[in-house]
Amino acid sequence: MDISNNSVLLDYTTGSFRSLEEQLQLGAYWGCPHRLEANQLIALDQRPTQAAIVHVWEEGCKAETILSNVGELQTAYQHFLHAKSLFDWMV
């Protein structure tokens, strides 16, 4: 994975979420036009071209979900928007 323009989310929990949930999470972060740094929102110059969720525990770490191109990230973002619209409709 090229690290020049990617996004990595660290999960310090049990790693109980897998696959679809993680893809939705990566899509949501990819679609966000800002990042949080030192408690300030900073506009992104460009969106990541790759993303991964890495689970970290005492014995080590492992990349569980990797979206390796913009097309996968765009698809995940569209699925996130659809899931959010369903949630908003139900609430």
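Visitor: Where does P33 lie?

Guide: P33 lies in the loop between α1 and β2 (34–37). Helices (H or I, at least four residues) and strands (E, at least two) are DSSP runs, numbered from the N terminus. This is a predicted model, in which local features need pLDDT of at least 70 and side-chain atom pairs count only at pLDDT 80 or more, while totals for chains, interfaces and linings use all residues. Residues are numbered from 1 along each chain as its sequence is written, and side-chain values use heavy atoms, with hydrogens and water left out.

Visitor: Why does P33 count as partly exposed?

Guide: Buried means under 20% relative accessible area, exposed over 50%, and partly exposed in between (1.4 Å probe, protein chains only). P33 has 44% relative accessibility, so P33 counts as partly exposed.

Visitor: Which residues does P33 touch?

Guide: Leaving out residues up to four places away in sequence, P33 touches I42, A43, L44 and R47. Contact means heavy atoms within 4.5 Å.

Visitor: What makes the pair of W30 and Y77 edge-to-face?

Guide: Rings of Phe, Tyr and Trp (its six-membered ring) pair if their centres lie within 6.5 Å; planes under 30 degrees apart count as stacked, over 60 as edge-to-face and the rest as tilted. The structure holds one aromatic pair. The ring centres of W30 and Y77 are 5.8 Å apart and their planes stand at 65°, so the pair is edge-to-face. This pair links distant parts of the chain, 47 residues apart: W30 is in helix α1 and Y77 in helix α2 (residues 70–90).

Visitor: Why is W30 called buried, and why is Y77 called partly exposed?

Guide: The relative accessible area of W30 is 10%, so W30 is buried. Y77 has 21% relative accessibility, so Y77 counts as partly exposed.

Visitor: What sits over the ring of W30?

Guide: The charged end of R47 does, 5.0 Å from the ring centre. A charge sits over a ring if NZ of Lys or CZ of Arg is within 6 Å of the ring centre and within 35 degrees of the ring normal.

Visitor: Which residues of α1 are buried, and what puts them on the same side?

Guide: In α1, E22, L26, G27, W30 and G31 are buried. They cover an arc of only 165° around the axis, which puts them on the same side of α1. The arc is that of the directions from the helix axis to the C-beta atoms.
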